[in-house]
Amino acid sequence: MSFVEYGDTIKDGDTAIVFLGHESMFPVKVQHGTVTQTKYGVIRHSTDLIGKKYGSKVTCSKGGWVFILHPTPELWTMNLPHRTQILYSTDISIITMMLELKPGSIVCESGTGSGSLSHALIRTVAPTGHLYTVEFHQQRAEKAREEFREHGVEHLVTVTNQDVCKNGFGVSNIADAVFLDIPSPWEAIGHAKSALKTEGGRICSFSPCIEQVQRTCLAMEEYGFTEINTLEILLRVYNVRTISLQIPDLGKAAEGDSSMGFDSSNPSRQGSPCTNLQQGTVQFKSGVPLREMVGHTGYLTFATKS
Amino acid sequence: AMEGGPGPSPRIREGDCAVLKRGDVFKAVPVLRRRKIIFEKQWFYLDNAIGHIYGTTFEVTSGGNLQPKQEVEETTTETKEAGTDNRNIVDDGKSQKLTHDDIKALKDKGIKGQEIVQQLIENSTTFRDKTEFAQDKYIKKKKKKYEAVITIVKPSTRILSTMYYAREPGKINHLRYDTLAQMLTLGNIRAGNKMIVMETCAGLLLGAVMERMGGYGSIIQMYPGGGPVRAATSCFGFPKPFFDNLHEFPLSKVDSLLSGTFSTETLPSEPEDNTLVEEESNGLTEEKQTSLQEAEEESPTEAAMEINQAEEQETMDINAEDVEFKENKEKENVREKQRKQWERRKKLIETAALLREKNADGLIIASKFHPAPLLLSLLEFVAPSRPFVVYCQYKEPLLECYTKLRERGGVINLKLSETWLRNYQVLPDRSHPKLTMSGGGGYLLSGITVVLDKGKPDSSDSEAMKMEEPSSKRCKVQDVHC
């Protein structure tokens, strides 16, 4: 396996995702002789994982079972160890499309953070593109390098440990796109412009606060970027539920009149409505919004260098 | 120097498919010499644009020629006079001293839009009393109307999906561009995949998938009727090799493929020929219907359609020329037809073999059909531990898909979702969300395939129970290394 190529079977050294149930999963590094504890019991890597097909059901020691999944940037985003606040797949998807990324694209990113976006970018630009990612925090930069190695994508990414606002991306006139997720992106717009190809490219900046966006937009305009556009994307997730609603008893006047305005799923209602104290119900499927949802991640400002 | 690169040239070339942009309005057109283009109430020729870099902004001159726009000179009105509020501004309809005829005369004289705007400002009695912001807004509005500038940009999923959503949402089942972006990410679309695509979005989704795969890997497009519609796909201007591993398979043969009755032996030449001919004619009528619809929708100027028209014209010309050689031509036609049918059948058999391997790396569906039967059948061709994404303009069919998939088993991490998109105006002291936002961009059902447990229907039931657990019951796990 690698994060940029599907494999059929689980191999020693792979990063796999153990899926226990709805939104309950975690990554494991597959290693001979290692065991992993789950609430369903122990998974022995040598016998339970290595050589098995991705997507298989694995029975744990207590008789419970889990699924073992092939890693993808999206699964990684849901399960990676957080070193910083991360970008999630909803924002990542619009960033990728609006930056016009595809195989062969050269992308600059800062900061690397926990590498959530980095993995998605690498996936999209592989096998001929490259990611230049800049992280000013030395430990985070090192950790990111280590993860890229483990995930078999180190040849597609260069991690530089420096301050992007002071020193830029370490490359010039080669990028098709630049992405910024730093506290003061307006200080990096000039560096972003010089990292982009002379014939042009796209830029995106992610900021949680509108004041950051305003300063960034002004800086973009100053540096001659065009098509400056700020947007926000929100994900609404629905739970699929079967709902039953009670039919109110209006004390039907005409006895024996069983004609209803709508279908009742309770056939016992058809009898004598007046004496039937048990209320009937109507059942239907509904997509119910979650009780609480993410209302704001950040504003995304896009622009073009031309 | 640009030739060897992976993408198309950054320069506009004859025969390219380009996108015209004015403000937020896009239009895809083929770049042809001596071809009159009408866009946003302006007409011009693209001849002069050839050779320029994509992204160049042009001014339209009086003869319909394009001229690269000079660097924007700051059109600051020297006397920065402005009011503070509008308490004394009365709308008497007489603030503009220039009449309609005056403005028309200026335009007819070939005066630059920039100058017309300046004259409008000078002849507006209320301009100086307007607040600075209102002046700004006034200038912007007039510029938009009188300054004839267009930018020529290279087509991309970003541009074409925004263009289609704005111009012809009906043709792409109202698939909004942010929803399309979700599909590409949730489906883990990337180079090297073997993808199954089922769409009736004019080929836009197919094009988006092709762009993300960059010519690596393979795509099997499932199509209804006589053939796949790829009007939008052709707007992308993909290099030829991108089509080498693009396969197509008729939906009407899926059941026979799954039941095992589809085979080379069950493809007798006679009846198969008939169906092919029939299918082809169906395809034609479908095409005609689309163009009719296009005419009704008052936006009949898609690049693909123009190309179609050009092709039609060509065939007509050829027919006229060859009247004398009619007999020879007919024989040739028959032979050509047979050759085409033979090739088509060969391709069909190849594609069937690819599907039979049942090891696709993903399935992506966005069509006008009910998604449940598509999903239940086409998932059979997908390998375990691979993502799938289904788009539907409406939520209810996806609720049904969800239930049916639970019954079937073999899928996990099912998620029904929708995205909302909000655009912002960001200006000093005037930042706020844009007035209007899209009401609906459709819904997605996504998930991951797993090895299907055969003969254990109970387990899928308990699986379903487990899935419906609220997420608050998250379990804590830990790795133990020894």
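The questions below concern a predicted model and the terms applied to it.

Local features need pLDDT of at least 70, side-chain atom pairs count only at pLDDT 80 or more, and totals for chains, interfaces and linings use all residues. Residues are numbered from 1 along each chain as its sequence is written, chains are lettered from A and ligands numbered from 1 in the order in which they are written, and side-chain values use heavy atoms, with hydrogens and water left out.

Q: Why is Ser118(A) called buried?
A: Buried means under 20% relative accessible area, exposed over 50%, and partly exposed in between (1.4 Å probe, protein chains only). Ser118(A) has a relative accessible area of 0%, so the residue counts as buried. Ser118(A) lies in helix H4 (residues 116-125) of chain A; helices (H or I, at least four residues) and strands (E, at least two) are DSSP runs, numbered from the N terminus.

Q: What makes the pair Ser118(A) and Glu109(A) a polar contact?
A: A polar contact is a pair of N or O atoms within 3.5 Å; within protein, one must be able to donate a hydrogen and the other to accept it, and residues adjacent in sequence count only if both atoms are side-chain atoms. The side chains of Ser118(A) and Glu109(A) are joined at 2.8 Å, so the distance meets the limit of 3.5 Å.

Q: Why is the pair Asp163(A) and Lys166(A) called a salt bridge?
A: The term requires a side-chain nitrogen of Lys or Arg within 4 Å of a carboxyl oxygen of Asp or Glu. Here the N to O distance is 3.8 Å, so the pair qualifies.

Q: Why do strands E2 and E5 of chain A stand at the edges?
A: The open sheet runs in the order E2-E1-E6-E5, with antiparallel pairing; two strands pair if DSSP finds at least two bridges between them. E2 (24-29) and E5 (57-59) each have a single partner strand, so one side of each lacks a neighbour in the sheet.
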